[in-house]
Each structure stands twice: as C-alpha cells, then as structure tokens.
Amino acid sequence: MKAMETRILYVRLPCNPIFPIGAVYLADHVHKQFPDITQKILDLGTVPPLDYASALDDCIDQFKPTLLVYSWRDIQIYAPVGGRGGNPLQYTFEYYYALNPFLKARGALGLLRIASGYYGELWRNANLIKRGFKRARKYHPDAKLVVGGGAVSVFYEQVARSLPKGTIVSVGEGETLLEKLLRGEDFLDERCYIVGETKPRDRMIHEFPTPIEKAACDYDYIASIWDEFEYYFQSQDFYIGVQTKRGCPHNCCYCVYTVIEGKQVRINPADEVVKEMQQLYKKGVRNFWFTDAQFIPARKYIDDAIELLQKIVDAGMTDIHWAAYIRADNLTPKLAELMVKTGMNYFEIGITSGSQELVRKMRMGYNLRTVLENCRDLKAAGFNDLVSVNYSFNVIDERPETIRQTIAYHRELEKIFGADKVEPAIFFIGLQPHTHLEEYALKNDILKPGYDPMNVKPWTVRKLLWNPEPLGSFFGEVCLQAWQRNPNDFGREVMDILEERLGRADLEEALTAPIEKSNPQLVTAP
Ligand code: B12
Ligand code: SF4
C-alpha cells in the first residue's frame, strides 16, 4: 500500500461513552510517522444506537477510506457490576442460588436478557465491521480492514469466526502493526493474523509487544480529524484517558492485562505526558484517568510517578482531578503527598483479599501490611476522597478463617479512611482466557480444552464466573441477602453479613501468611 494514497478511517465501535483513547493514539502515531496520510475518526460511542449504520455509511461515502481501522473496546458485559441491562452478578446469583422460585425465575429472565443483549452486541458489531468493509470496497476494491482494541486482544482467537476473510486481527497495542502495514512491510511478526489466511500463533498474546517511544498526543491534529471531539469535554463527568506507561510485571492469577500490555514496563517520558495533559487542560479538561494497567507497577517506578506528578504541579495544573489503578504497596510518604496535591480523588486498590495467605496464593505479590502503612501515609497527606477496594471472594483456597481475615483487614481500612470513604467493591472473578486461573481450570477439569470463553449462556456462565463450591452456595446466599437488605450499598452489606455470620479475625492474623515449604499456588483451590 503506498502511503501517499492512503485514507484511514478509525471506527470506534459502539461502547458506553468512554474516551476512545486507543483510536486517538493510533491516529496520532500514524500522523507522526506519515504526516501526509489523510485520516478520520468516527466514534460510534457518541452516536445513538438507531443511527450506527447510517452514521457509518455516511462517513464512508464521504471519506472513502482505503484502510478501515476498527477499534473494539469491550465485549464482556457480564462483569459483576451494574451495567447495560441490569446487574449481571445479581441475576446470575438469583438464578443459581435463590431458593425462592420467584427470584430464581427473575434471575433466569435477567440472565437471558443479558445474554441476548450480549449476543446482540456481538452480532451488531460484527455487522458494522462487515458493512463498513463492503461499503469501503465499493470505492476502493482493495481497501483493507484491521480490527483491534481491548476486546479483540482478549478474544482474538474467537472473533475471527464473525469477521470477513482478509481481516487483520490485532492483539495489544497497534502502532507498529499499522506502521509496518502502511510501509508495505511484512507485519505478520507483530501480534496479529489474517482471517482465512493465517492462524494465530500458539500463545501469541504472550509475545512481547514492540516497544515504541511515546510522544505527547497532538490534540489539535486529533480535533481536526474527529468531528465529535468536543463530546467528551461537555460534561465534567468524563475522565479523559492519558497513558503514562505500558506493561505490568506482576502475575496475578486472574489478570490478563499483564499479557495484553506485556510484563515489560515502558514509561512514557514525563514531559510528554505533561505536554499531552496541558493540551487537554487548555481545552477545559480537568478530570484525567491514567489508563495504565497499574499507575505504580512496582517500587522501582516510584521515582517515575514522583517525577510525573511533580511536573504536573510545576506546569500549574493545580485544579485537576485524576484517578487510576493503584498498587498501594508501592507508595512512599512523598509520593502520597504528591498524589493528594495533584488531585487524585479516586483510586482502586485491587487487593482481592484481606488475607495475606490468599494474596500470596493468587500470586499477587502484595504485602498487605505495607498497603496499610501506605494508606495511613495517604490519609496523613490529606487524602479525603473515595477509595474503592476490590475484593474477589472464593478465588483460591478461601475458608471461613480467611473470610474473617478479610473482614479484619477491611475494618482497618475503614479506621484509616473513614467507613463512608472506603467502598468495598465485591467482584467475583470473571475467568478470562490466557490467565493462570484459566490454566488451573483446564488442568482441574473445571473447563474442557477448546471451551468457548465468549459463550455466556446462562448455563455456561457458572464456570466463567468463578465461585466454586464448597463455598460457592454460601457466597451466593450472602449476596442474595445483601441485595435484599440493602441493594444500594451492596458491598458494605456483604461485609456486614459476613461479619455477622463468621466474625472477625485479629488483624495480625490477616497480615501473617503461614510459611509453606513450597508455595502450592493455585493447586489448593477448592
Ligand atoms: C483503564 C481501563 C479502564 C478504565 C477506563 C478509564 C478511562 N476514562 O479511560 C475504567 C476503570 C473506567 C474501565 C472500565 C471498564 N472496562 Co476497562 N480497562 C482499562 C485498561 C486497564 C486500559 C484501557 C486503556 O485505555 N488503555 C490505553 C489505550 C491507549 O489502549 P487501548 O484502548 O487498548 O488501545 C491500544 C490497543 O488496544 C490497540 N488498539 C485499539 N484499537 C485498535 C484497533 C486496531 C485496528 C489495532 C491494530 C489496534 C488497536 O492500540 C491502541 C494503542 O496502543 C484495559 C486493560 C488493558 N490493560 O488494556 C481494561 C479493559 C479495556 N476494560 C475492560 C472492560 C470489560 C471494562 C468494563 C466494561 C468493565 C465493566 N464491566 O464494568 C468497564 C466499562 C467501560 C465502558 N466502556 O463503559 C476489558 C475489555 C475487554 C473485555 N473483557 O471485554 C479490558 C481489556 C480489561 C479486561 N479485563 O479484559 N476500564
Ligand atoms: S491485577 Fe494489576 S498488578 Fe496484577 S497483573 Fe493485573 S494489572 Fe498487574
């Protein structure tokens, strides 16, 4: 493909309105490498559902792209939070665990509705891809089609069945792939394959992404190729994505980020990140989400975080707010102070359990005692906003005593931040492909080789939503009771019920993991 003749259309597939930073970064990168190429962004996240097809058709008719770049962000809607079409976790638990036939039937109906919505979205997105490709080919018979994004990265082996022959399916970051494609170079060594022509290599997602040097996104350019750019600036509810690094070196057993982005952490230069934020700041943006898999992936990146936050202060952006996934074991008092000073007003700690023993078994590499100390530093530095603490019960080797430990740990966090400021977010792990947990499930016959991770029929969800027996029914019952007692404060209610039923351990017990001769990790799951 000769660069001069190329016209690239980026289509962000329908999605809850969330800033389409993936497509934006790709367009920016291509522009920096090939300033003469004409590009356009169409974000279907800003278009009402009835208009998806016509918006796409109109855009293709006007722009006549030679290369279609589809960005597909999320597929997995049954994640256990209130989402499109209700609360999937609640329906699932009502269906599986409710004794009351009315609740069971309501759960079944809810799940069917969610499953049909899910399949409807898959079908709709695949059709938007096919439709756009066909239409683009009317104008340029050799137009090409590339598909990528978070959803495609996770389900790259399954999506091919609904995509046209010749589609290039991309895993992880797409900058280098697009660059090679546009230079007419061989690109198949990148994490990708071509539907109907090549097969994904075995364990392709585990290959390292090609590192790129990230420079500040040029938002004046982006505004010039994206008609709805202003959409995300109209409301102060949106947190605009800014990436400060890629990669996570950890091994948490259920997590796929560490393979999508790779284990090697690549820091974007702080000056470039600040330059990017300043452009958005000048356009009125005050809320930022650092979209890194982890903002501080390990202690050795503390200095990078300090440098970035200090530069934000030096740049005079003193009235912003930001949020991120934070591994709270990697803080120092100085970093805590800067976090507060720069306006961090929300963060999520994904400790998963308040039992050091389980945290170790899930390969999470957290020291829970350090997390508490760092939280105290954050509080002392003046942090007075919301902390969401993610707990996933029943992942590995959960027992009444480990539940009691989690309660003790949670109560200590409440003591530090104030009970109203600590929001326990109760998740049950949605089993994802390419994770250690998937490996475990396959080894232990919980899943069969060749199972379909995209299959979310009510009768298959049970295996993908990780809540194994013998404690599965107990948690099911506790959650149902919590929804009944206080649906608006589900997380806190679950914690209270667990404490009423099982009591609370000594904090010290929670923080001490018994030394094991060999760490059995994952082999002891119920
Ligand atoms: C940060 C993040 C969030 C933040 C976003 C904050 C914000 N304001 O932006 C929050 C916490 C809000 C969030 C929420 C959710 N998220 Co999220 N999130 C992420 C995370 C960690 C990073 C995404 C990101 O912005 N990365 C930075 C940008 C630059 O990367 P990118 O968008 O992926 O784009 C790059 C590549 O994908 C690629 N690319 C993108 N498009 C294309 C197209 C082509 C053709 C090519 C070649 C390449 C390509 O190149 C881009 C540039 O390098 C990813 C996991 C991960 N590590 O990737 C999950 C992830 C995207 N989230 C996911 C999900 C499911 C959700 C939720 C739906 C969960 C839920 N049920 O509530 C929600 C809802 C989001 C919504 N649409 O409403 C899934 C999506 C896949 C799936 N399983 O379906 C992911 C992959 C995590 C996972 N566990 O699997 N999320
Ligand atoms: S859960 Fe967080 S720390 Fe663990 S591997 Fe995933 S991104 Fe890294």
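**Close-up views of a predicted model**

**View 1. Helix H1 packs on helix H7.** Tyr25, Leu26, His29, Val30 and Gln33 of H1 touch Glu175, Leu178, Glu179, Leu182 and Arg183 of H7. Sorted by class, this contact holds five nonpolar, two polar and three charged residues. The model shown here and in the other views is predicted. The axes of H1 and H7 lie 10 Å apart, at an angle of about 40°. H1 and H7 are therefore oblique to each other. Their crossing is right-handed.

**View 2. Helix H2 runs alongside helix H4.** H2 covers residues 52–63, and H4 covers residues 101–139. The two axes come within 10 Å and cross at roughly 25°. That angle makes H2 roughly parallel to H4. The crossing of H2 and H4 is right-handed. From H2, the contact takes Tyr52, Ala53, Leu56, Asp57, Ile60 and Asp61. From H4, it takes Arg124, Leu128, Arg131, Gly132, Arg135, Ala136 and Tyr139. Seven residues of the H2–H4 contact are nonpolar, one is polar and five are charged.

View 3. The elements that give two or more residues to the shell around ligand 1 are helix H1 (21–33), strand E3 (67–71), strand E4 (144–148), helix H5 (150–154) and helix H7 (175–183). H1 gives the most, with four residues.

View 4. Ligand 1 is surrounded by 40 residues. The closest are Ser71, Ile75, Gln76, Tyr239 and Glu261. By class, the shell divides into 21 nonpolar, 13 polar and six charged residues. Helices H1 and H7 both belong to the elements that give two or more residues to this shell. H1 and H7 also pack against each other, as in View 1.

**View 5. The surroundings of ligand 2.** Three cysteines, Cys248, Cys252 and Cys255, are among the residues around ligand 2. His250, Tyr257 and Thr258 also surround this ligand. Ala293, Gln294 and Arg327 complete the list. The shell has five nonpolar, three polar and one charged residues.

View 6. The bond between Glu469 and Pro470 is cis, with omega of about 15°. Pro470 sits in the loop between helix H17 (458–464) and helix H18 (472–485).

**View 7. A positive phi at Thr352.** Thr352 is a residue other than glycine, yet its phi is positive, near 75°. Thr352 is found in strand E12, which spans residues 344–352.

Note on methods: Residues are numbered from 1 along each chain as its sequence is written. Chains are lettered from A and ligands numbered from 1 in the order in which they are written. This is a predicted model: local features need pLDDT of at least 70, side-chain atom pairs count only at pLDDT 80 or more; totals for chains, interfaces and linings use all residues. Side-chain values use heavy atoms; hydrogens and water are left out. A residue is near a molecule or strand if one of its heavy atoms lies within 4 Å of it. Ala, Val, Leu, Ile, Met, Phe, Trp, Tyr, Cys and Pro count as nonpolar, Asp, Glu, Lys and Arg as charged, and the others, Gly among them, as polar. Axes are lines fitted to C-alpha atoms, for helices over the stretch in contact, and angles run from 0 to 180 degrees between N-to-C directions. Angles under 35 degrees count as roughly parallel, over 145 as roughly antiparallel, 65 to 115 as roughly perpendicular and the rest as oblique. A crossing is left-handed if the near helix is turned anticlockwise from the far one by less than a right angle, and right-handed if clockwise. Contact means heavy atoms within 4.5 Å.
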